[in-house]
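Thank you all for coming. I would like to take a few minutes to go through one structure, so please have a look at it first.

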Amino acid sequence: MNRVAITGIGIVSALGNDTASVARALSAGRSGIYVDEERIRRGFTSPLTGMIHNFNPRRFLNRKQLKTMPDYAVWAHAAAMEAVGMSGMDPADLANDRTGLIFGNDSSAIATLEQIDLLRERGETGLIGSGQVFRSMTSCVTMNLNTLLGTQGACWSISSACSSGGHAVGQAADLIALDRQDVVICGGVQEINWQSMCSFDGLGAFSTRTDMPEAASRPFDAERDGLVPSGGAAVIMLENREKAVARGAHILGEVAGYAFSSDGENLSVPSRGGLARAMRGAIRSAGLVPADVDYICAHATSTPAGDCVEADNIFDVFGRSSPAVSSTKSMTGHELWMSGAAQVVYCTLMAREGFIAPNINYQNPDDSSARLNIVTETLHRTPAVALCNAAGFGGTNSSLVLKF
């Protein structure tokens, strides 16, 4: 089995449009949550959201290229170019059948609505434009990046709700470990727009703490009242470690273990054992034991039920010897389909900069979280072994073990 190295990362998120700005925000414990006035006008119960600010879509792409890419695909391209640049690899060297693309994505709502609006406006389908076909597909990121980067290997998207990004990274690592690919650019994306969140808002799943947006996302806190939607694009460049070292690449870390599970119980309520099975499997596949893990980047989204279940699953695996635990969603909000991949980027930034990010807004533990070692202030030490959890509707779970 080949070892799998992380040689590049890229990010566009509510915390910033590149790794440097995001690292600063994570270290400072700064929130990227705002009130969206448009959602208030549209009648949302909760107008809270993460936002992308000051992003220039023409930084790398021309008008023709942008026609087939919704905003989150453009973010993915920018993040991918940052990851490739960080890796030190010449983009021209990606054009071969040993280089692939795998991304997590489970919706493309805005593009579908755009083509309906165009039909109503123009009165015939022939005037909609061909670009909408590609924009409205959940595989739009991988198909566009495949064309732009010239990769000739794996090229597909994974759809598994909020574990999509985690599974994309895990499957990419598996392909390299099994010697089916040498390089895989992987990650996750999530659109940020009110149109994609209408029905979700109607479920009453979002926080309504609008008086203090930065305090609305409160993973593990007893006073949490719901998640805050967010999004962006997170990209990780994975390589066969031996070949990466041979070409002189700087190794940022390794994907040392990956495992998955499904609950088999409920569409929206996580089970008491599903995530624990994934965590144990990931630790075992890395050749480690729970005591080797010194940081857990939790899935915890700030929902009353979900956070309790994850805390109980963590306690089931680690007992009273809990490693440091925090949820970066306390700052970013819940990045949904992208979140599992974003956590890999965030952990890699923590390792590179020598800190563990805090779980902000954690003031009052509940019975479940009180048993964990929740990080409330930035720890100035490098995580050596991090475990990243992701869980999605339908009870699909992903766990990744990263070594730094």
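What we have is a predicted model, in which local features need pLDDT of at least 70 and side-chain atom pairs count only at pLDDT 80 or more, while totals for chains, interfaces and linings use all residues. Residues are numbered from 1 along each chain as its sequence is written, and side-chain values use heavy atoms, with hydrogens and water left out.

Let me begin with the aromatic rings. The structure contains 3 aromatic pairs, where rings of Phe, Tyr and Trp (its six-membered ring) are paired if their centres lie within 6.5 Å, and planes under 30 degrees apart count as stacked, over 60 as edge-to-face and the rest as tilted. One of these pairs joins phenylalanine 200 to phenylalanine 206, at 5.1 Å centre to centre and with 45° between the planes, which is a tilted arrangement. Phenylalanine 200 also pairs with phenylalanine 393, and because their planes stand at 45°, with the centres 6.0 Å apart, this pair too is tilted. Since phenylalanine 200 lies in helix H9 (residues 198–202) and phenylalanine 393 in the loop between strand E12 (385–392) and strand E13 (396–403), the pair ties together parts that are 193 residues apart in sequence; helices (H or I, at least four residues) and strands (E, at least two) are DSSP runs, numbered from the N terminus. Together, Phe200, Phe206 and Phe393 make up one aromatic cluster.

Val133, Phe134 and Met137 make a nonpolar patch of about 240 Å², and within helix H6 (residues 131–135) phenylalanine 134 is partly exposed at 34%. A positive patch is formed by Arg58, Arg63, Lys64 and Lys67, of which lysine 67 sits in the loop between helix H3 (63–66) and helix H4 (71–87) and is exposed, at 51%.

Finally, glycine 392 lies in strand E12 and is buried, with a relative accessible area of 15%.

Note on methods. Patches are made of residues with over 30% relative accessible area and no salt bridge: like charges are joined within 9 Å, nonpolar side chains (Val, Leu, Ile, Met, Phe, Trp, Tyr) within 5 Å. Accessible areas come from the Shrake-Rupley method with a 1.4 Å probe; for residues, only the protein chains shown count as cover. A salt bridge is a side-chain nitrogen of Lys or Arg within 4 Å of a carboxyl oxygen of Asp or Glu. Lys and Arg count as positive and Asp and Glu as negative; His and the chain ends are not counted. The place of a charge is taken as NZ of Lys, CZ of Arg, CG of Asp or CD of Glu. Buried means under 20% relative accessible area, exposed over 50%, partly exposed in between (1.4 Å probe, protein chains only).
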